[in-house]
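This briefing concerns the chain shown below.

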Amino acid sequence: MSTEKSTGFRFGVLPQIVVAIALGILLGSVLPTWATRIFVTFNDIFGQFLSFSIPLIIVGLITPAIGELGRGAGKWLALTAGLAYASTLFAGLMGLGASLLVLPQVLPAETGALSNPEDALLKPYFSIQIPPLFGVMTALILAFVIGVALTTIEGRALRTGFEEFRDIVNLVISKIIIPLLPIYIFGIFLNMTQGGQVLTVIATFLGVVVFVFILTWIMLLLQYLVAGAVTGRNPFRMLGTMLPAYLTALGTSSSAATIPVTLRQSIKSGTSEPVASFAIPLCATIHLAGSTIKITCFSLAVMMLSGIPIDPVLMIGFICMLGVMMVAAPGVPGGAIVTAAGLLQSMLGFNEAQVGLMIATYIAIDSFGTATNVTGDGAIAAIVDRIISRRHRPQIAQDSDPEPSTS
């Protein structure tokens with residue numbers, strides 16, 4: 001239930017995130033180191049809490065949502081996963097074709113190795129370890145198994161228990177995570193600005209960075225044009241509604257940490273809450289179209305700069321495998337490139353220095369790909385919701401409240 005009053009000004013999520021990003025950039029060069037480290041310490045603790053909460057969010061939201069879909073839940077899971085993989089595969093192929101045409105024109109004549117961007121960041125005063133109860137993939141499989149089981153058993157006790165657990169998760173999201181996210185984003189940009197490592201990467205690969213940024217927005221426009229055609233809604237209005245999720249991911253660089261905001265905005269854009277509650281957390285783990293564009297384009301850039309021959313057939317196979325590997329990528333900053341590092345070495349023949357260059361470049365501008373990932377999740381959820389509403393309307397019609405539960 002929404003807590004927003006019917007009258008009066010409300011400083012919502014979007015302006016809070018914009019202010020947090022702006023203040024982080026503006027104050028990053030003027031605040032003393034000791035003050036910045038206070039926010040870095042907060043970010044470290046809050047990040048640990050996010051890592052602890054993410055598996056619980058996945059289980060708490062996906063499990064009861066699958067159960068509410070009824071006996072057809074398995075095929076809706078397959079539909080969502082299929083759409084996510086198709087979107088990721090298309091993104092990689094689009095990145096491949098565009099890179100072969102454009103990158104030779106925008107790459108500098110030569111470049112040196114970049115230092116690890118993590119080295120320039122300030123460290124917290126202290127760190128508190130809050131290990132999660134289980135990993136993201138374990139949570140995802142657990143949610144699938146129990147959720148599908150709930151569609152077949154007759155008993156109500158387990159179903160009621162997970163519905164109440166969902167209420168707890170929603171309470172944590174609305175009362176702790178969302179209110180503290182702007183501070184977390186402010187601390188991230190404060191530290192990045194003071195470290196200055198992002199500017200080094202952008203100066204070296206400026207043309208590639210601009211090129212990839214344009215490609216990610218082309219991908220988003222295509223996703224929402226398709227979603228708009230399927231749902232009959234205005235695609236530009238849908239995309240505008242998802243901007244808070246885009247900006248949140250821009251600050252956190254984490255699809256999983258952005259789940260609360262993505263879920264909130266997806267429901268506001270018109271997706272039913274039961275479908276959004278399973279599709280958004282699921283896509284946060286398996287739908288990495290933006291990350292695939294980045295990895296494809298930057299790997300081609302490194303190959304061109306290093307003089308490695310480019311075999312289009314090999315690159316297509318690499319992209320197909322990359323789409324599968326992205327399913328196993330944890331929804332944390334840099335998770336996708338770490339997961340892809342093995343493919344870069346085994347399929348493309350990258351050495352340690354070239355993999356290090358990829359990781360340094362990817363991490364420094366990780367947020368743009370992540371923002372594309374989570375914003376595209378809203379399009380996938382809208383398409384799934386439309387298909388389910390046509391074939392499975394009785395279950396979806398039970399929830400007619402347009403307000404998100406995380407408000």
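A contact here means heavy atoms within 4.5 Å. The model is predicted. On that definition of contact, residues 24 or more positions apart account for 86% of the contacts in the chain with a separation of 6 or more. The chain has 17 helices and 0 strands.

**Burial and surface**
- The chain comprises 407 residues, of which 52% count as buried.

**Packing of H4 with H11**
- Helix H4 (residues 136-150) packs against helix H11 (residues 273-286) at an angle of about 140°, and their axes lie 11 Å apart.
- Angles over 145 degrees count as roughly antiparallel; H4 and H11 are therefore classed as oblique to each other.
- The crossing of H4 past H11 is left-handed.
- On the H4 side, the contact is made by Val136, Met137, Leu140 and Phe144, while H11 contributes Leu282, Thr285 and Ile286.
- By class, this contact of H4 with H11 has 6 nonpolar residues, 1 polar residue and no charged residues.

**Helix H9 and the residue after it**
- Helix H9 (residues 243-252) is largely enclosed by the rest of the structure, because 9 of its 10 residues are buried.
- The buried residues of H9 are Pro244, Ala245, Tyr246, Leu247, Thr248, Ala249, Leu250, Gly251 and Thr252.
- Ser253 follows H9 and has a positive phi, near 55°.

Technical notes. Residues are numbered from 1 along each chain as its sequence is written. This is a predicted model: local features need pLDDT of at least 70, side-chain atom pairs count only at pLDDT 80 or more; totals for chains, interfaces and linings use all residues. Side-chain values use heavy atoms; hydrogens and water are left out. Helices (H or I, at least four residues) and strands (E, at least two) are DSSP runs, numbered from the N terminus. Buried means under 20% relative accessible area, exposed over 50%, partly exposed in between (1.4 Å probe, protein chains only). Axes are lines fitted to C-alpha atoms, for helices over the stretch in contact, and angles run from 0 to 180 degrees between N-to-C directions. Angles under 35 degrees count as roughly parallel, over 145 as roughly antiparallel, 65 to 115 as roughly perpendicular and the rest as oblique. A crossing is left-handed if the near helix is turned anticlockwise from the far one by less than a right angle, and right-handed if clockwise. Ala, Val, Leu, Ile, Met, Phe, Trp, Tyr, Cys and Pro count as nonpolar, Asp, Glu, Lys and Arg as charged, and the others, Gly among them, as polar.
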